[in-house]
Amino acid sequence: MVKDFHLQLIVQKNLKNVQESQVYKMNYYLLFKALHLIAVISWMAGLLYLPRIFVYHAETKNNDDKKETFKIMERRLFFYIMNPAMILSWIFGLLLIHSVGIESFSSHWLQIKLVLVIILTGYHFFLLNCLRKFNIDLNTYSSKFYRIINEVPTILLILIVFVVIFKPL
């Protein structure tokens, strides 16, 4: 009887340790998820706003002061907000995957999301190329072009949200 009681105490202690470990992992998961969402929202704000600045910059013809102001706005937005937000989005996204287990890569919805995020990252660097051309006054795109490409991150965001929420396949 004493042996059974001792065994029961050991099982309860081990069960408590497992539960505490799961709570510990869950707290990290929720922390990474919150930080990932904050970073993604910041990144998306920049991805939506920078092309709008490009629209007005492309329409500015004979006003060097205004062009210089746009250049400053574009650089600050890209390098102080968008780049750090993109990097943090990737870091916390990868930490989320790690916290649930690398085997989650076998999920088709996650593979689709990663492809869409890679496309979004490519778009981010395309905007960097546009910014560099504006900086040396060699922009070759029209304001209409920037109005059209401004829809790219919106479409990708919608697709990513639906894939994450509904987890198809």
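Residues are numbered from 1 along each chain as its sequence is written. Because the model is predicted, local features need pLDDT of at least 70 and side-chain atom pairs pLDDT 80 or more, while totals for chains, interfaces and linings use all residues; side-chain values use heavy atoms, without hydrogens and water.

**Stop 1: helix α3**

Select residues 108-135, which form helix α3. Helices here are DSSP runs (H or I, at least four residues), numbered from the N terminus. The 28 residues of α3 should span 40 Å at 1.5 Å a residue, and the end C-alpha atoms are 41 Å apart, which agrees. The expected span is 1.5 Å times one less than the number of residues.

**Stop 2: the aromatic rings**

Select Phe134 and Tyr146. Rings of Phe, Tyr and Trp (its six-membered ring) pair if their centres lie within 6.5 Å; planes under 30 degrees apart count as stacked, over 60 as edge-to-face and the rest as tilted. The count by this rule is 12 aromatic pairs. Phe134 and Tyr146 form a tilted pair, 5.7 Å centre to centre with 35° between the planes. Phe134 lies in α3 and Tyr146 in helix α4 (residues 143-149), so this pair ties together parts that are 12 residues apart in sequence.

Phe134 is buried, with a relative accessible area of 4%, and Tyr146 is buried at 0%. Buried means under 20% relative accessible area, exposed over 50%, and partly exposed in between (1.4 Å probe, protein chains only).

Phe145 is partly exposed, at 25%. To see the cluster linked by ring pairs, select Phe54, Phe126, Phe134, Tyr141, Phe145 and Tyr146.

**Stop 3**

Asp137 lies in the loop between α3 and α4. This residue has a positive phi of about 55° although it is not a glycine, and it is exposed, at 52%.

Finally, select Lys167, in the segment after α5. Its phi is near 45°, again positive in a residue other than glycine, and Lys167 is partly exposed, at 43%.

Conventions. Helices (H or I, at least four residues) and strands (E, at least two) are DSSP runs, numbered from the N terminus.
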